[in-house]
Amino acid sequence: MKNGKKNIRALIGLGIFLLAVGAGTSGCQVQKDNSRKARVAVIVKSTESAFWKSVQAGASSACTEYNLQMSFEGPDSEEDYETQNRMIEDAVEEGVEAIVFSAVDYNANSEAIQEAARKGIKIVVIDSDVNASQVSSRIGTDNFQAGFMAGEAALQADEEEIYIGIVNYDIHSANGQGREAGFRECIAGDERVKGVETINVLSTTEDAREGTKEMLKNHPEINVIVTFNEWTSLGVGWAIRDLGCKDQVWVTAFDSNAVSVGMLETGEVDNLIVQNPYAMGYLGVETAFDLISGRKKPEEWVVTETILVNRENMFEEECQKILFPFNQ
């Protein structure tokens, strides 16, 4: 997501993670027998990962607070923009007042979102942007800055010469491309960087795992790897474990779940750039309510918090709260 002026709501930050999330996956589903409630469709890139489950928990909490009807769905694959487009069309047919949307494909999802907006539906984007002019508000990570943060973490590698491998996901995702751009700008000025190799893989653990092993086989000089989402982070971590090279390769990854945090502790991963998906879900639905009710005009851009977690700070209270929001 592009740089945007931070709204005061974005400072909810870690505090929003401390809200009760017991209604996370079941508290607010569409209730067709209660037409008095405004209807919001939350359509995301997937529903399976820890990241998206945290988004759902935040969205459900806001749904309860603002007395909304809400559906939450996404395709099985984070490359399946066609299913997302059908979900958008179905939401329009069902008569929702607002769609909270995270795009699989910046361009391929554009027309479906534009058509929904032309029919009077309010559009809020969270996490992953779409090429649509009629979006009312965009909420999520400053991806360029998060990528720059990943670059700073990668350059902490204790090597006189650095050879970098980038494991990115779908080239059509605005998030991954923004993070890679920020990363490249950060490392451009460091004279220790002698080479950069890039691969794009499917946004799955197994494809990232095999792609990473193949990259290291073809480029054994690589001693630093960076990757940009939850699934690719797990794949890179498993590849490092498979090859037994955690002492030779410095890894900076994105997002967190129980497995990647374990890899941080055992050394397959050295840094995690951790976003705030709960806040994205909560603020996305809250903003949809603002648009439907006319309560207040939402900000065009809202940037949510991103922090760097490593083995030195991972047991600090602030980091524990963002790594394990459901345990608070």
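What follows is a set of questions and answers about the chain, its helices and a few loop residues.

Tutor: Some ground rules come first. This is a predicted model, in which local features need pLDDT of at least 70 and side-chain atom pairs count only at pLDDT 80 or more, while totals for chains, interfaces and linings use all residues. Residues are numbered from 1 along each chain as its sequence is written, and side-chain values use heavy atoms, with hydrogens and water left out.

Student: What share of the residues in the chain is buried?

Tutor: The chain has eleven helices and twelve strands, taken as DSSP runs (H or I, at least four residues, for helices; E, at least two, for strands) numbered from the N terminus. Buried means under 20% relative accessible area, exposed over 50% and partly exposed in between, with a 1.4 Å probe and protein chains only. Of the 328 residues in the chain, the buried share is 59%.

Student: Among contacts with a separation of 6 or more, how many come from residues 24 or more positions apart?

Tutor: A contact here is a pair with heavy atoms within 4.5 Å. Of the contacts in the chain with a separation of 6 or more, the part from residues 24 or more positions apart is 75%.

Student: How are helix α7 and α8 oriented, and which word describes that?

Tutor: Two packed helices are described by the angle between their axes and the distance between the axes. The axes are lines fitted to C-alpha atoms, for helices over the stretch in contact, with angles running from 0 to 180 degrees between N-to-C directions. Helix α7 (residues 205–218) packs against α8 at about 50°, with the axes 7 Å apart. Given that angles under 35 degrees count as roughly parallel, over 145 as roughly antiparallel, 65 to 115 as roughly perpendicular and the rest as oblique, the word for α7 relative to α8 is oblique.

Student: Which residue classes make up the contact of α7 with α8?

Tutor: On the α7 side, T205, A208, R209, T212, K213 and L216 take part, and their partners in α8 include W231, T232 and L234. Ala, Val, Leu, Ile, Met, Phe, Trp, Tyr, Cys and Pro count as nonpolar, Asp, Glu, Lys and Arg as charged, and the others, Gly among them, as polar. The contact of α7 with α8 comes out as nine nonpolar, four polar and three charged residues.

Student: Is T232 buried or exposed?

Tutor: T232 sits in helix α8 (residues 230–243). Not counting residues up to four places away in sequence, T232 touches V167, Y169, V201, L202, A208 and T227. With a relative accessible area of 0%, T232 is buried.

Student: What distance separates the end C-alpha atoms of α5?

Tutor: The expected span of a helix is 1.5 Å times one less than its number of residues. For the twelve residues of α5 that should give 16 Å, and the end C-alpha atoms agree, being apart by 16 Å.

Student: How do α5 and α6 lie, oblique or parallel?

Tutor: Helix α5 (residues 143–154) and helix α6 (residues 174–187) have axes that come within 6 Å and cross at roughly 45°. The residues in their contact divide into eight nonpolar, six polar and three charged. The angle therefore makes α5 and α6 oblique.

Student: And what about α3 and α4: oblique or roughly parallel?

Tutor: Helix α3 (residues 81–94) packs on helix α4 (residues 110–118) at about 10°, with axes 9 Å apart. That angle therefore makes α3 and α4 roughly parallel.

Student: Which residues of α3 and α4 make the contact?

Tutor: By class, the contact has five nonpolar, one polar and no charged residues. From α3 come N85, I88 and V92, and from α4 come A112, I113 and A116.

Student: What is the relative accessible area of N67?

Tutor: N67 lies in the loop between α2 and β2 (69–73), and also has a positive phi, about 60°, without being a glycine. N67 is partly exposed, with a relative accessible area of 46%.
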